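Hi everyone, thanks for coming. Let me put the structure on the screen and then walk you through the contact between the chains.

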2 protein chains.
Amino acid sequence: MPGIGPKSAQRLALHLLSRPIEEVEGLATALLQCKQLVGHCQVCGHLSAEPVCEICSNPDRDDTTICVVSDSRDLIALEKTKEYWGKYHVLGGLISPMAGIGPDQLNIQSLVQRVATGQIQEVILAISPSVEGETTTFYVGKLLQNFTKVTRIAFGIPMGGDLEYADEMTLAKAIEGRRELQ
Amino acid sequence: MPGIGPKSAQRLALHLLSRPIEEVEGLATALLQCKQLVGHCQVCGHLSAEPVCEICSNPDRDDTTICVVSDSRDLIALEKTKEYWGKYHVLGGLISPMAGIGPDQLNIQSLVQRVATGQIQEVILAISPSVEGETTTFYVGKLLQNFTKVTRIAFGIPMGGDLEYADEMTLAKAIEGRRELQ
């Protein structure tokens, strides 16, 4: 499991062996229930215990904007900012010819269907700037530009970051993406 | 000196003691010469052995754009990107009421004079997003907006960065600063 090496694994195993059987049964049941109950939202693909997730079914959220992310982890990170109040769409990965993942294996068709309704005024592509991320951004962007305005999140100096320690690519993006001072 | 703790200092001192006297004299002379020869460019304030630095005296560089930085380290970082081909202005620090540094102690008056000539079409503020950096950006921006277009570099996800690991402020800035996909 991620972040658990042989030493941590042994410590966890010995800890579980030292606990009463009921406690271990509780954990085992919880794990199974979690796996059985949590599926994907039919609308956006986010993890959800209900057929439609809390965000998609929230009538207070702006349903004219869709923020497209690679996976639920990124959605959770964006939710923590409390800056975005639209809906989401979770692709379930990125296009990666190296790993044999094409557009068909991702949640892209359902995104096009959502946008094709004509109700969506903006699609924000919030995808990390890796090689796979760029490929996916341009593929999805091209598909959706026929229907609506497509934007992507800003790349540049991270907040609290120092110019001096930024890599050259990031600095170049920061200059390229400069904006008029308000 | 920065990055040199007691152990490194001892190692360097013992190394110098083990070298012949001529070599140590050479280093001492070089240090003095360096300090005597290198001053500040009269135009932009960058480190320079000449009265006017190489960048300011380069006729091939676009002299309608000035990129404002806090110090020469940031200028060097920007030069490494090879993306910027205008001139610079080095403030020599940031406004910091806590440290008793006001606008008068910085290279701001000479910047206003350069911009007031009317030849400058854009001033790019490339200042790190710290508290002092923001203060300086808004102070200098306000001063210059009477004369010309003032932009600032982009803040957002660093290149190669992962959304999941970005802090909330940076993610919020990345959403706020989103741009239309080309």
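How many salt bridges does the rule find across the interface of chain A and chain B? There are four salt bridges, where a salt bridge is a side-chain nitrogen of Lys or Arg within 4 Å of a carboxyl oxygen of Asp or Glu. Glu122(A) makes a salt bridge with Arg178(B), and their closest N and O atoms are 2.4 Å apart.

Some housekeeping: this is a predicted model, where local features need pLDDT of at least 70 and side-chain atom pairs count only at pLDDT 80 or more, while totals for chains, interfaces and linings use all residues. Residues are numbered from 1 along each chain as its sequence is written, chains are lettered from A and ligands numbered from 1 in the order in which they are written, and side-chain values use heavy atoms, with hydrogens and water left out.

Now the interface as a whole. Chain A brings 51 residues to the contact and chain B brings 51 residues, with contact meaning heavy atoms within 4.5 Å. About 4700 Å² is buried between chain A and chain B, and carbon and sulfur atoms give 66% of that; buried area is the accessible area (1.4 Å probe) that two parts lose on being put together, summed over both. Met159(A), Leu163(A) and Leu181(A) supply 17% of what chain A buries against chain B, more than any other three residues.

Last, Ile4(A). Ile4(A) counts as partly exposed because its relative accessibility is 35%, and partly exposed lies between buried (under 20% relative accessible area) and exposed (over 50%), with a 1.4 Å probe and protein chains only. Happy to take questions!
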